[in-house]
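Welcome to a short tour of a protein model. Have a look at the picture first, and then we will walk through some of its residues together.

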Amino acid sequence: MNKLRTIDDIPRARRRSQPRLGRRHRALLAATGAAALILGSWLIGLLLSPDNLSTRLEWRNLPPSLQHPFGTDWLGRDMFTRTFKGLALSVQVGLLAAACSTVIATALGLIAATMGRAADRIVAWLIDLFLSVPHLVTLILIAFVFGGGMRGIVIGVALTHWPSLARVIRAEVLQLRSAEFVQISRRLGQSRWQVAVRHMLPHLLPQLLVGLLLLFPHAILHEAAVTFIGLGLSPHQPAIGIILSESMRYLSTGMWWLAVFPGLSLLIVVRAFDRAGESLRLLLDPRDLQN
């Protein structure tokens with residue numbers, strides 16, 4: 001009887017393991033597809049000729065067609081080119097701002113967990129302070145102080161999007177601080193900062209990569225929002241926020257394509273970043289690797 005039960009249990013174990021394997025494979029496919037979509041939209045924006053952004057009054061206010069998939073605007077500019085140029089610009093701004101915010105979160109998280117109780121209290125107070133104020137309000141104020149433009153947007157996003165990631169990093173470092181290899185390094189005479197950089201930071205790289213990807217959607221959306229109200233990128237740049245802001249004056253005349261295609265493209269790219277981050281987090285989760 002015991003032998004029969006063992007044989008019968010094998011298919012059940014296999015059936016239980018199949019959904020887990022399928023979930024990881026789906027996460028890998030989703031991350032790959034999202035990365036391909038993001039990279040493709042960025043490359044299309046870089047490869048498109050800027051000649052289509054020039055004014056051609058004979059082509060103005062044309063609806064979507066084979067020659068102009070996203071139509072043209074009131075100056076005859078191709079909206080397909082403007083949209084993907086704007087997406088490429090948003091990806092660049094989001095990457096720079098999210099990377100700066102990740103660096104700030106990493107530094108403050110390591111300081112809070114390794115430099116004593118006083119530093120931990122100061123960093124915790126800063127985290128609570130920035131989390132208590134809406135990101136968009138603080139971002140607008142910082143962008144205004146720094147004169148707007150790309151510099152103001154990057155600084156504003158970098159200084160407002162680090163608290164959540166810093167809190168996660170601080171919690172991870174507090175767990176690593178009690179690890180055996182960290183205790184041995186301290187007994188060998190290494191300073192707290194050396195232990196943090198040489199031994200703790202490599203273990204935080206998966207969390208930092210996932211955090212960087214998850215900061216991307218917020219950075220892009222907030223960049224578009226601040227640009228929409230006129231405090232972001234220059235009006236001469238084909239940014240998505242500028243395109244949506246300009247299109248508001250022409251929606252009542254029936255030129256719906258000026259806002260629908262750029263807005264939908266922005267949402268798709270933002271969703272792709274969010275999906276890539278969530279899938280990567282699932283793939284790098286140690287608890288999931290043990291399943």
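## A serine to begin with

Is serine 101 buried or exposed? Serine 101 is buried, because its relative accessible area is 1%. Here buried means under 20% relative accessible area, exposed means over 50%, and partly exposed lies in between, using a 1.4 Å probe and protein chains only. You will find serine 101 in helix H2; helices are DSSP runs of H or I with at least four residues, numbered from the N terminus. Leaving aside neighbours within four places in sequence, serine 101 is in contact with Val157, Ala158, His161, Trp162 and Leu215, where contact means heavy atoms within 4.5 Å.

## How to read the model

This is a predicted model, in which local features need pLDDT of at least 70 and side-chain atom pairs count only at pLDDT 80 or more, while totals for chains, interfaces and linings use all residues. Residues are numbered from 1 along each chain as its sequence is written, and side-chain values use heavy atoms, with hydrogens and water left out.

## The nonpolar cores

A nonpolar core is a set of buried Ala, Val, Leu, Ile, Met, Phe, Trp, Tyr and Cys residues joined through side-chain atoms within 4.5 Å. The largest one here has 49 residues, and Ile169, Val173, Met200, Leu204, Leu266 and Phe273 touch the most other members. At least two residues of this core come from each of helices H1 (2-47), H2 (79-114), H3 (117-132), H6 (163-176), H8 (192-228), H9 (240-247) and H10 (257-283). There is also a second, separate core of 13 residues, including Val93, Val226, Ala239 and Ile242.

Let us zoom in on leucine 204. Apart from neighbours within four places in sequence, leucine 204 is in contact with Leu110, Ile169, Glu172, Val173 and Leu176.

## Two helices that cross

Two packed helices are described by the angle between their axes and the distance between the axes. The axes of H2 and H10 come within 10 Å and cross at roughly 30°. Such axes are lines fitted to C-alpha atoms, for helices over the stretch in contact, with angles from 0 to 180 degrees between N-to-C directions.

Which residues make the contact? From H2 come Met79, Thr83, Leu87 and Val91, and from H10 come Leu258, Phe261, Pro262, Ser265, Leu266, Val269 and Phe273. These residues divide into nine nonpolar, two polar and no charged. In this count Ala, Val, Leu, Ile, Met, Phe, Trp, Tyr, Cys and Pro are nonpolar, Asp, Glu, Lys and Arg are charged, and the others, Gly among them, are polar.

## The loop between H1 and H2

Arginine 77 lies in the loop between H1 and H2. Arginine 77 counts as buried because its relative accessibility is 15%. Leaving aside neighbours within four places in sequence, the residues in contact with arginine 77 include Asn52, Gly71, Arg82 and Glu246.

Asparagine 61 is in the loop between H1 and H2. At 34% relative accessibility, asparagine 61 counts as partly exposed. Most residues other than glycine have a negative phi. Asparagine 61 has a positive phi of about 60° although it is not a glycine.

Proline 206 is found in helix H8 and is partly exposed, with a relative accessible area of 31%. Proline 206 and arginine 281 are 75 residues apart in sequence, and their C-alpha atoms are 8.0 Å apart in space.

Glutamine 194 lies in helix H8 and is partly exposed at a relative accessible area of 32%.
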